[in-house]
Amino acid sequence: LKVVRKKQRQQIKKGRVVTFLFSIFCLFLFLFCLQYDLTEHVSWQAPLLSKSQIDKLGSFSNFQTSESNNLNVVYLIVDGLRADAIEINKDFNQLLNDPIRKNDLKILNGVAQIPTMSRPNWISLLTGTPPEISGILGNGFTSVTEYESNIETLFSVAEKSNISRATSAGIEFIDVLKLNIAPLDGDAFVIRGKIDKQEGTYKKFMYASDNVITTNICNAIQSKKYRLIFGHFDNVDEQAHLHGTTEKYDSKNMYDKAISNATKFIEKIFNTLDENTVIFIVADHGHVDPGSHGGVEKILKKIPIIAYQKNSNLALKTIPDEIKFNMGQIKNLDIPATISAILQMRLPKQNLGVFIDELIPLIPESTLTQSYIDLEKQLENLVSALKISLGIEKE
């Protein structure tokens with residue numbers, strides 16, 4: 001009888017343990033689903049302007065190219081690149097101070113949007129639209145179709161302006177833009193599985209991905225088929241998340257090494273450029289020392305903006321104070337406006353950016369006046385539409 005009772009007690013204990021573990025699993029599953037659902041709701045809200053208001057915003061522009069300047073633009077986002085890192089990292093610093101190209105470079109400090117998350121700032125960098133207007137507030141995301149029906153990107157304007165465009169980026173970025181671009185053959189997102197399998201580790205995969213993206217960009221430049229080429233590097237951001245950004249947290253200097261790798265890729269792109277191509281290199285956000293972003297710290301909001309055109313003497317050029325826009329602060333919203341003017345195409349409908357003062361010499365002189373007029377009209381129309389949307393004025 002004692003043996004039977006002992007066995008019963010053991011079975012009851014086992015049953016309690018199994019029940020407890022199952023309960024923990026169910027609770028974890030519930031919290032995960034709740035967090036995912038909340039993230040989707042917190043990360044996205046309805047855009048501030050209705051579809052009809054957005055359509056009207058595009059009807060004002062009469063921008064016409066008086067003569068083709070044939071300038072091309074390469075637009076590269078290095079995800080998670082801190083503004084101070086381009087000075088601290090010896091390879092990046094050496095690249096920017098190389099006597100061969102130093103006079104052709106402008107190195108500027110820009111300001112990211114809050115929240116300093118990736119996707120809200122990706123949208124801002126591609127549209128000139130802040131998160132409070134785009135409705136993209138975090139890294140959770142609505143469907144591409146729903147997004148692109150409400151917001152106009154550089155790529156969709158380029159498509160309507162018959163400007164050839166291509167991109168090479170990771171799958172998350174491709175998902176944001178795939179309706180308005182022609183991904184390059186062999187793009188990283190297409191062969192992602194193969195890279196992951198061959199390299200074995202996520203760290204090596206991200207490096208390999210950036211390497212493939214670099215090759216694609218260089219091939220696109222050399223083909224002379226595209227006037228707007230976009231690229232997005234992931235590895236710097238991934239190393240910051242995994243290891244931190246300073247020696248206190250990153251004892252193996254993985255963040256610094258990732259920046260050195262990115263520098264090699266950027267130099268390869270630099271060496272492929274001709275005199276008719278301008279490259280913009282920017283970050284979407286910074287990182288705090290332990291490796292994270294999303295808050296309001298200065299190191300998160302401060303981003304590098306680098307512009308380079310071979311044999312342009314861009315660093316030596318200045319403009320009169322009376323035509324300056326930025327008033328001491330360059331926002332990431334200003335980059336799409338500047339690129340639009342360089343390519344001689346109208347601005348994205350919901351753009352709130354202006355031309356970057358130091359980069360105005362890159363805008364073709366033949367259409368500079370028209371670019372100013374176009375920007376003024378676009379901003380006037382946008383402000384008027386926002387007043388109606390907010391109930392300040394009646395339609």
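This is a predicted model: local features need pLDDT of at least 70, side-chain atom pairs count only at pLDDT 80 or more; totals for chains, interfaces and linings use all residues.
**Helices, contacts and backbone angles**

Student: How far does α16 reach from its first C-alpha to its last?
Tutor: Helices here are DSSP runs of H or I with at least four residues, strands are runs of E with at least two, and both are numbered from the N terminus. α16 covers residues 368-389, 22 residues in total.

Student: Are α12 and α13 roughly parallel or roughly antiparallel?
Tutor: Axes are lines fitted to C-alpha atoms, for helices over the stretch in contact, and angles run from 0 to 180 degrees between N-to-C directions. Angles under 35 degrees count as roughly parallel, over 145 as roughly antiparallel, 65 to 115 as roughly perpendicular and the rest as oblique. α12 (235-243) and α13 (254-272) pack at about 175 degrees, their axes 8 Å apart. That makes the pair roughly antiparallel.

Student: How many nonpolar residues does that contact have?
Tutor: Contact means heavy atoms within 4.5 Å. From α12 come N235, V236, Q239, A240 and H243, and they meet M254, Y255, A258, I259 and A262 of α13. Nonpolar covers Ala, Val, Leu, Ile, Met, Phe, Trp, Tyr, Cys and Pro, charged covers Asp, Glu, Lys and Arg, and the others, Gly among them, are polar. The contact of α12 with α13 has no charged residues and 3 polar ones, and the nonpolar count is 7.

Student: What phi does N253 take?
Tutor: N253 belongs to the loop between α12 and α13. N253 is partly exposed, at 30% relative accessible area. Most residues other than glycine have a negative phi, and most peptide bonds are trans. For N253 phi is positive, near 55 degrees.

Student: Is Q344 buried or exposed?
Tutor: Look in the loop between α15 (334-342) and α16. Q344 isn't a glycine, yet phi is positive there, about 60 degrees. With a relative accessible area of 6%, Q344 is buried.

Student: How many residues of α15 are buried?
Tutor: Going along the helix, D334, I335, P336, A337, T338, I339, S340, A341 and I342 are buried. α15 is largely enclosed by the rest of the structure, because the buried count is 9 of the 9 residues.

Student: What omega goes with the cis peptide bond from I114 to P115?
Tutor: P115 sits in the loop between β2 (105-111) and α5 (118-127). The bond from I114 to P115 has an omega near 5 degrees.

Student: Which residues does D289 contact beyond its neighbours within four places in sequence?
Tutor: D289 is in the loop between β5 (277-282) and α14 (298-301), and it is partly exposed at 33% relative accessible area. C-alpha to C-alpha, D289 is 10.0 Å from H241, though 48 residues separate the two in sequence. The contacts of D289 are R82, G244, T245, T246 and Y249.

Student: And which residues does N72 contact, again leaving aside neighbours within four places?
Tutor: N72 is part of strand β1 (72-78). At 16% relative accessibility, N72 counts as buried. The contacts of N72 are Y226, R227, N276, T277, V278 and L343.

Student: Zooming out, what share of the 395 residues is buried?
Tutor: The protein chain holds 16 helices and 7 strands. Of its contacts between residues at least 6 apart in sequence, 74% join residues at least 24 apart. The buried share of the chain is 51%.

How values were computed
Residues are numbered from 1 along each chain as its sequence is written. Side-chain values use heavy atoms; hydrogens and water are left out. The expected span of a helix is 1.5 Å times one less than its number of residues. Buried means under 20% relative accessible area, exposed over 50%, partly exposed in between (1.4 Å probe, protein chains only).
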